[in-house]
Amino acid sequence: MIPLCNLQRQYKSLRKEILSKIDELSKKSAYIGGNYVSSFENDFVKKNRAQYGTGCASGTSALFIALKSLGISSKDEIIVPSHTFVATVEAIIHTGATPVFVDINPVDYTINSQLIKKAITKRTKAIIPVHIYGTMCDMETISSIAKQYNLKLIEDSAQSHFASFQGTFSGTIGDVGTFSFYPGKNMGAHGDGGFMIFKNEKDLEIATRLTNHGKLKKFDHELVGYTDRLDAIQATILSIKLKKIFEWSSRRRKLAKIYDNHFSKNFKVIKPSPKCTPVYHLYVVEVSNRDEVMETLQRDNIQTGIHYPDPVHLLKPYKKLNKNALPITEKIRNRILSLPLCPELKDKEQKKVIDSFLKIAEP
Ligand SMILES: Cc1ncc(COP(=O)(O)O)c(C=O)c1O
């Protein structure tokens, strides 16, 4: 089977180093906090050319803690695309705030920056652009709207580690960028993990406290916090993967370009903004006969996926929330299909995917 993402092959290539690091830290029983965590945190922040950041338990906890740190509460409205993983909206709901959905653009599937101003009300406190599929939102327009209306900007960078917009890395443009290290992400832990990068040192301090029972050091519980830390085993595995991430992103771009060369003439594929260097967390193509394509590829031993079959506003808990028309979000939901793409995908495997897809897919 050619999987969407070949984590087993990746593990094989890193196994020795990972096991030796886990053995080293286990001998010291250095599982929570300590040097393995702070060393990864410093390296991740530095590689992002940022100043302030902390690890946390997951991409969802990163979003929730980030919103809490910025003071988001039940009076507030937050502008967000519905075409995202449900976690972006869960985090908003758990702060008590109200998500206000804005449609995406059909070119790169990110939030349509031209529709944001219309969604702003007196209660709007923040915008969460989601850099979906590893391609970046129109951060030039979105940043200027945030500035003009004095709104907080939280970049959901769960799918876009080290993508860049006009040369600046994803998650380092807004007040805070949140990252997921879910195993299948471009940089994946061996379990759950997340990260927040802040513009402001004070926000970092609040967030760090919130992840760790309200404290920065032992028994200094200044806030009511949570247990939402990044643990040392995940941090040390991520340190190993951090050394590879640029090479992996290049391979993803190369594979995406090959898919583009075969598909873009007849099929709708993601077109990242020319201002963005994407990292192709997913390769998504639109087809009109999706079930048939998925069945045929399955028979040819190729895994496919749908990200996501239901936009958030059509899921049961969120149905009553939406007041805005989201025609593009609703149109693409039955057409989008994710094909295998990961740095470990071999050229001959990709060729098999392309041949199988082209024999059945209809635009
Ligand atoms: C866009 C987006 N936001 C948030 C998350 C949540 O991250 P996690 O699964 O690490 O909680 C994910 C991934 O799962 C995601 O794709």
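These legends walk through a few close-up views of a predicted model. Local features need pLDDT of at least 70 and side-chain atom pairs count only at pLDDT 80 or more, while totals for chains, interfaces and linings use all residues. Residues are numbered from 1 along each chain as its sequence is written, and side-chain values use heavy atoms, with hydrogens and water left out.

**View 1. Ring pairs tie phenylalanines into a cluster.** Among its members are Phe40, Phe44, Phe181 and Phe246. Lys47 lies over the face of Phe246, at 4.9 Å from the ring centre; that label needs NZ of Lys or CZ of Arg within 6 Å of the ring centre and within 35 degrees of the ring normal.

**View 2. The largest pocket lies between two domains.** Domain 1 (7-242) and domain 2 (245-360) both give residues to its lining, so that's where it ends up; the bounds come from an automatic or database domain assignment. A pocket here is an open set of points on a 1 Å grid over the protein atoms alone, where a 1.4 Å probe fits, with protein on both sides within 12 Å along at least five of seven lines; lining residues have an atom within 4 Å of a point. Of the 30 lining residues, those closest to the centre include Gln159, Tyr182 and His281.

Notes. Rings of Phe, Tyr and Trp (its six-membered ring) pair if their centres lie within 6.5 Å; planes under 30 degrees apart count as stacked, over 60 as edge-to-face and the rest as tilted.
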